[in-house]
Amino acid sequence: MIEVKNESELAKMRAAGKVTAAVLKRMSEIVAPGLSTLDLDREAEKTIRSFGATPLFLGYYGFPGSICASVNEEVVHGIPKKDKILKRGDIISIDTGARLDGFCSDAAITLGVGKVSDEAQRLMDVTKKSLYKAIGQVKAGRRLGDVQHAVETFATQHGMGVVRDYCGHGIGRNMHEEPSIPNFGKPGTGPVLEAGMVLAIEPMLTAGTYKVRELSNGWTVVTQDGSLAAHFEHTVAVTANGSEIFTAFE
Ligand code: MG
């Protein structure tokens with residue numbers, strides 16, 4: 001069952017969303033060659049705690065960081081590390097979340113480190129746009145499949161691989177609630193969206209194959225062909241007229 005949040009719950013989720021938005025904003029300000037992914041993680045945790053919030057990812061199934069930091073061919077769940085140093089031309093996907101007053105928010109962004117290749121820029125642009133295409137389908141009365149299909153269609157039209165093994169999700173008191181939201185699907189299928197549902201929509205696209213594998217550390221997911229991957233995510237509430245993005249900062 002997909003939970004419908006009431007006004008006071010939505011207000012708390014909105015507040016939690018502002019924390020995660022602030023982290024992504026901060027990350028986009030500081031990402032630069034020479035920084036380690038652990039440096040980013042430390043700064044993210046500091047930002048989250050400055051709001052009196054708790055890092056949502058830290059300790060989740062034992063995950064050691066407050067962000068997932070996935071560089072280049074890494075798709076998701078990259079572990080922040082002291083010796084993972086960003087280089088000019090890298091792209092880094094930063095996924096993070098916060099818990100505030102009992103409610104969660106979850107969002108992700110992919111950033112270029114200095115100037116990146118045209119291919120990398122195009123992948124980031126298409127992935128970000130595919131998220132907004134999906135959000136454009138969110139409205140009470142629409143079906144979840146409409147949202148999923150929007151990502152798949154846009155990504156495929158632009159020649160990008162759509163990662164199938166990882167999905168978006170409902171969110172609320174828990175990071176992962178029903179429904180599961182794959183980045184592909186058929187329009188007019190799936191649950192009917194209702195105002196008050198809150199969804200974490202998160203396209204993960206690649207410049208090559210959609211196929212991924214997990215590294216032996218048990219976390220980091222990479223593309224099987226070594227192609228670049230990008231990831232954008234927002235926590236989004238369904239409203240009568242459309243949607244409200246809780247984690248927006250731009
Ligand atoms: Mg998520």
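Is Arg88 buried or exposed? Arg88 is exposed, with a relative accessible area of 62%; exposed means over 50%, buried under 20%, and partly exposed in between, using a 1.4 Å probe and protein chains only.

This is a predicted model, in which local features need pLDDT of at least 70 and side-chain atom pairs count only at pLDDT 80 or more, while totals for chains, interfaces and linings use all residues. Residues are numbered from 1 along each chain as its sequence is written, and side-chain values use heavy atoms, with hydrogens and water left out.

**View 1. Arg88 in its loop.** Arg88 lies in the loop between strand 3 (74-76) and strand 4. Strands (E, at least two residues) and helices (H or I, at least four) are DSSP runs, numbered from the N terminus. Contact means heavy atoms within 4.5 Å. Leaving aside neighbours within four places in sequence, Arg88 is in contact with Pro33, Val113, Gly114 and Lys115. Arg88 and Gly112 are 24 residues apart in sequence, yet their C-alpha atoms are 8.2 Å apart in space.

View 2. Four residues supply the protein donors: Asp106 (OD), His169 (NE2), Glu202 (OE) and Glu233 (OE). They lie 2.2 to 2.3 Å from the ion. Donors are N, O and S atoms within 2.8 Å of the metal (3.2 Å for Na, K and Ca); water is not among the atoms, so sites may look incomplete. Along the sequence, the donor residues follow the spacing D-x62-H-x32-E-x30-E. Asp106 in strand 5 (residues 103-112) and Glu202 in the loop between strand 9 (198-201) and strand 10 (204-206) are 96 residues apart, so this pair links distant parts of the chain. Asp106 is buried, at 2% relative accessible area. Glu202 is buried too, at 6%.

**View 3. Helix 1 and the elements it packs against.** Helix 1 (residues 7-30) has 24 residues. It reaches 35 Å from its first C-alpha to its last, close to the 34 Å expected at 1.5 Å a residue. That expected span is 1.5 Å times one less than the number of residues. At the start of helix 1, a side-chain oxygen of Asn6 comes within 3.1 Å of the backbone nitrogen of Ser8. The buried residues of helix 1 include Leu10, Met13, Val19, Leu24 and Met27. The buried residues of helix 1 pack against helix 2 (37-50), strand 4 (91-100), strand 5, strand 9 and strand 14 (234-238).

**View 4. The largest nonpolar core.** A nonpolar core is a set of buried Ala, Val, Leu, Ile, Met, Phe, Trp, Tyr and Cys residues joined through side-chain atoms within 4.5 Å. The largest one has 51 residues. Val31, Leu40, Ile92, Ile94, Leu193, Ile201 and Leu205 touch the most other members. Helix 3 (residues 118-135) gives the largest share of this core, 7 residues. Apart from it lies another core, of 16 residues, among them Phe63, Phe103, Met175 and Ala237.

**View 5. Two aromatic pairs.** The structure holds 2 aromatic pairs. Rings of Phe, Tyr and Trp (its six-membered ring) pair if their centres lie within 6.5 Å; planes under 30 degrees apart count as stacked, over 60 as edge-to-face and the rest as tilted. The rings of Tyr60 and Tyr61 have centres 4.9 Å apart and planes at 85°, so this pair is edge-to-face. Tyr60 is partly exposed, at 30% relative accessibility, and Tyr61 is exposed, at 72%. For Phe63 and Trp219, the ring centres are 4.9 Å apart and the planes at 80°, so this pair is edge-to-face. Phe63 lies in the loop between strand 1 (54-55) and strand 2 (67-71), and Trp219 in the loop between strand 11 (212-214) and strand 12 (221-223), so the pair ties together parts 156 residues apart in sequence. Phe63 and Trp219 are both buried.

View 6. Thr206 is found in strand 10. Thr206 is buried, with a relative accessible area of 0%. A polar contact is a pair of N or O atoms within 3.5 Å; within protein, one must be able to donate a hydrogen and the other to accept it, and residues adjacent in sequence count only if both atoms are side-chain atoms. The side chain of Thr206 reaches the backbone oxygen of Gly208 at 3.1 Å. The backbone oxygen of Thr209 lies 2.7 Å from a polar atom of the Thr206 side chain.
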